[in-house]
Amino acid sequence: MKKLFFLVLCLSFILCSTALASEWAVTHDLGGDMDRVKLREKPNSNGKVLAQYFEGVYVEILSTSGQFSKVRIGGKEGYMMTQFLKTISEGEIDYASEGLLGMVRFTGDSNSLPLYEKASEKSNVIGEMPKGYVNVLATVDDNWLHISYKEDGQYVYGYASAWHITQTDNLATCYGDTGDAEKKISLRSSPSTSAKSVGQYFCGTTFYILYDNNPNNDKFTKVRVDDAAGFILSDSLNFSTGGIQALLPPLSKPKKSGIPFYDSYNSKKEAGALENDCVFSVIGIRGDRYHIRLENTSPSAYCYVNKKDVTDVSIAAKATGTLKTAFKINDEITAPKGAKVYIHGEGTTYLQPDCQSVTCTVEYKSAHLYSTVSIPTKDVNIDPLLFFPK
C-alpha cells in the first residue's frame with residue numbers, strides 16, 4: 001500500500017512538473033513587416049478576431065489541436081494558427097526587440113499616455129507612459145494597440161490608444177502629395193471615401209503615420225497631424241524619405257495684430273493672440289478655421305485661427321521652378337534654360353522676399369544632381385507663393 005501511494009505521489013509530481021513547464025513560441029513567417037497573425041476567440045477561421053499580432057511577438061503555448069494553438073500573450077488568451085508560430089526556448093526570449101517599435105508621440109497636457117489593463121478606458125490604468133519608444137505587439141482595432149514598455153527594469157504589458165502612438169524612423173512620416181497644387185487632401189474619420197470629413201489639408205503637409213488595423217486591404221493610411229487624426233487615401237501621400245517636396249502648404253499672416261488663436265478647431269476659448277508680423281503655413285481647413293503651423297518658432301507649433309482674421313489661401317506653394325537661362329553647374333555640366341529645379345531654403349524651404357540667391361537641386365537629363373548649387377534668384381522662375389509675405 002505504501003509503495004502504491006509512493007508511485008501515485010511520484011506520478012502526480014511528474015504531471016504537475018510537466019504542466020508547469022511552459023512551452024514558448026514566437027510569431028513567425030507572416031510575410032511583410034506590417035502583416036500579422038490573428039488571435040481568435042475560438043480555434044477556427046470563423047472565430048472572433050481578438051487582435052492581430054506582428055512578427056516577433058512571444059507567446060506561451062497552452063495547448064495545440066489541429067491547425068490551432070491556444071496561446072497566452074501578456075495575460076491575453078486565444079487561438080492562433082500553429083503554422084505561424086515557431087517554437088523557441090525561454091532563454092531565447094528578448095523582450096526588448098519584441099514586435100515592432102512604436103513611439104508615444106502625442107500625450108497632451110499630461111505629458112504621459114495611460115496604459116490600460118484592457119482595451120477600454122473603463123478598465124484599470126496600470127501605468128503612465130512618457131514620450132518615447134514602446135513595443136507594439138498588435139492592433140486590437142482602430143482605437144487600441146496591445147503594447148509593452150519597460151518600467152523600472154521590467155516589461156509591462158497593456159493596452160494604449162492607437163491614436164497617440166506612431167511608427168518610427170523612416171516609417172514615421174509622410175506628406176500630402178496629389179501632384180496638383182490646387183487639389184486638397186481629405187482626412188476622413190474612417191477608411192472610406194464616404195466617411196465623415198475631419199478636414200481638408202494642403203499638399204506638402206507632413207503627417208505622422210499611425211498603426212493601422214487594416215494596412216493592406218482598404219487603400220487608406222492612418223495618420224495624424226497635431227490634434228487631427230484619421231484616414232487618407234494612400235495614393236494622395238508620398239512616403240519617400242530624404243527627397244525634396246515639390247509642393248508645400250501655403251503661407252499666410254494676420255490681417256491685424258492681436259488676432260486670437262485656438263488649441264482646437266471647435267474651441268471657444270482663446271489660447272492666445274498672434275501679432276501681424278507672425279508668419280505661418282496653413283496646413284488645412286476645418287470648419288471656419290485654418291489649421292496652421294507657426295514657421296518662426298522652434299520647434300514649429302500648431303494651432304487654429306479664424307479664416308476671416310488672416311489672408312486667404314487656396315492652393316499649395318510649388319517648391320519647384322525652372323531656369324530662366326542656362327546655368328553652369330561644374331566644368332563638365334551646364335544645365336540648359338528651362339531645366340527643372342527643386343528649391344531649398346535655409347531651415348525652411350520658404351524664401352525671404354529679398355533673398356538674392358536660392359539653393360537648388362537641378363534636374364538634368366531626368367537625373368537629379370544631388371550636389372546642391374546656389375543660383376541667383378533672378379535666374380530662376382519661382383512660384384510667388386514660396387516667398388514669405390511682406
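Reader: Where is alanine 229 found?
Author: Keep in mind that this is a predicted model. Alanine 229 is part of a strand covering residues 228–233. That strand is β20.

Reader: Does alanine 229 count as buried, partly exposed or exposed, and why?
Author: Its relative accessibility comes to 21%. Buried would need under 20%, and exposed would need over 50%. Alanine 229 falls in between, so the label is partly exposed.

Reader: Which residues does alanine 229 touch, leaving out those up to four places away in sequence?
Author: Leucine 187 is one of them, and that residue sits 42 residues from alanine 229 in sequence, with 7.5 Å from C-alpha to C-alpha.

Reader: How many bridges join strand β16 to strand β17?
Author: Strand β16 spans residues 185–188 and strand β17 spans 197–201, and the two run antiparallel. One of the pairings puts serine 186 with glutamine 200 of β17. The number of bridges joining β16 to β17 is four.

Reader: Over to threonine 107: buried or exposed, and why?
Author: Threonine 107 lies in the loop between β8 (100–104) and β9 (113–116). Beyond four places in sequence, it touches Ser112, Leu113 and Lys131. Its relative accessibility is 8%, and the cut-off is under 20%, so threonine 107 counts as buried.

Key
Residues numbered from 1 in each chain as written. Predicted model: local features only at pLDDT ≥ 70, side-chain atom pairs only at ≥ 80, totals over all residues. Heavy atoms only, no water. Buried < 20%, exposed > 50% of the residue type's maximum accessible area, 1.4 Å probe, protein only. Contact = heavy atoms within 4.5 Å. Pairing = 2+ DSSP bridges.
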